[in-house]
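These are my notebook entries on one protein chain. I looked up its strands first, then the chain as a whole, and then its pockets.

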Amino acid sequence: ILKPTSGTVQVKGRVSALLELGAGFNPEFTGRENVYFQGAVMGLTRAEMDARCDDIAAFADIGDFIDQPVRIYSSGMFVRLAFAVAVHVDPDILIIDEVLAVGDAIFQQKCIDQISMLQSQGTTIIVVSHNPYHIERLCHQAAVLHRGRLSDLRPAKEILAQYHEMVQEDMSPSPALNEHLREGSHELYFERVLIENASASGANVV
């Protein structure tokens, strides 16, 4: 959705993206007005959005708030309406970045079911998430971004196994901490690490 800093990207088809809560919404517009606005941005006509508006409102399920300015919406309302629009504009490519973390369990499941339906219709889905369940449930292939390095694209189960190993390694105490834990001086160890890290970043230590 953005121009690359280098290289080229070829896109075939309509792209619908959910990258940030409220991105592309005008805070002074009502939810319904933003629905039509987003449709226009995606290249749909007023008549095409008229045919979709009731389904979008039903999916978002925010009641009368759809006719209120979105600036008064909660984060949950934002994502409900944004997701409803994104999946009802007939995207060829749907990009989702972490937004499934917002909302209650029932709404999250409704989103997953809708994504699965789009997949069955041939839509390409790109999901970015810290939630292994979403990757396992929605993705055939995956890659992991770890400390600035992107892994190869492989079957999702293989990548999830790699991800869990990385998490365990990152959570494991360092040899230096283990030594201090055995000696009972871990408070001094953490204090020294805090001071060193803060000094390296130029921060003040209080």
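Entry 1, strand pairing. I looked up the partner of β1 and found that it pairs with strand β2 (residues 93-97) in the parallel sense, over four bridges. I note that the model is a predicted one. For Leu18, I recorded Ile96 in β2 as the bridge partner.

Entry 2, the faces of β1. I then asked which residues of β1 lie on its covered face. Strand β1 spans residues 15-18, and I found Ser16 and Leu18 on the covered face, with Val15 and Ala17 on the uncovered one. I recalled a general point here: side chains in a regular strand alternate between the two faces of the sheet.

I counted eight helices and seven strands in the secondary structure. Of the 206 residues, 34% are buried, which here refers to a relative accessible area under 20%. For contacts between residues at least 6 apart in sequence, I noted that 55% join residues at least 24 apart. The accessible surface is about 13100 Å², and carbon and sulfur atoms account for 54% of it.

I read off a volume of about 630 Å³ for the largest pocket. It is lined by 26 residues, and Val127, Val128, Ser129, Ile135 and Ala143 are the closest to its centre. Two or more lining residues come from each of β3 (124-128), α5 (132-138), β4 (141-142) and α6 (156-171). Which element gives the largest share of this lining? I found that β3 does, with five residues. By class, I recorded 17 nonpolar, eight polar and one charged residues in the lining.

Methods:
Residues are numbered from 1 along each chain as its sequence is written. This is a predicted model: local features need pLDDT of at least 70, side-chain atom pairs count only at pLDDT 80 or more; totals for chains, interfaces and linings use all residues. Side-chain values use heavy atoms; hydrogens and water are left out. On a 1 Å grid over the protein atoms alone, a cavity is a set of points where a 1.4 Å probe fits but cannot get out, and a pocket is an open set with protein on both sides within 12 Å along at least five of seven lines; lining residues have an atom within 4 Å of a point. Grid points are joined across faces, edges and corners, and a volume is the space filled by probe spheres set on the points. Ala, Val, Leu, Ile, Met, Phe, Trp, Tyr, Cys and Pro count as nonpolar, Asp, Glu, Lys and Arg as charged, and the others, Gly among them, as polar. Buried means under 20% relative accessible area, exposed over 50%, partly exposed in between (1.4 Å probe, protein chains only). Contact means heavy atoms within 4.5 Å. Accessible areas come from the Shrake-Rupley method with a 1.4 Å probe; for residues, only the protein chains shown count as cover. Two strands pair if DSSP finds at least two bridges between them.
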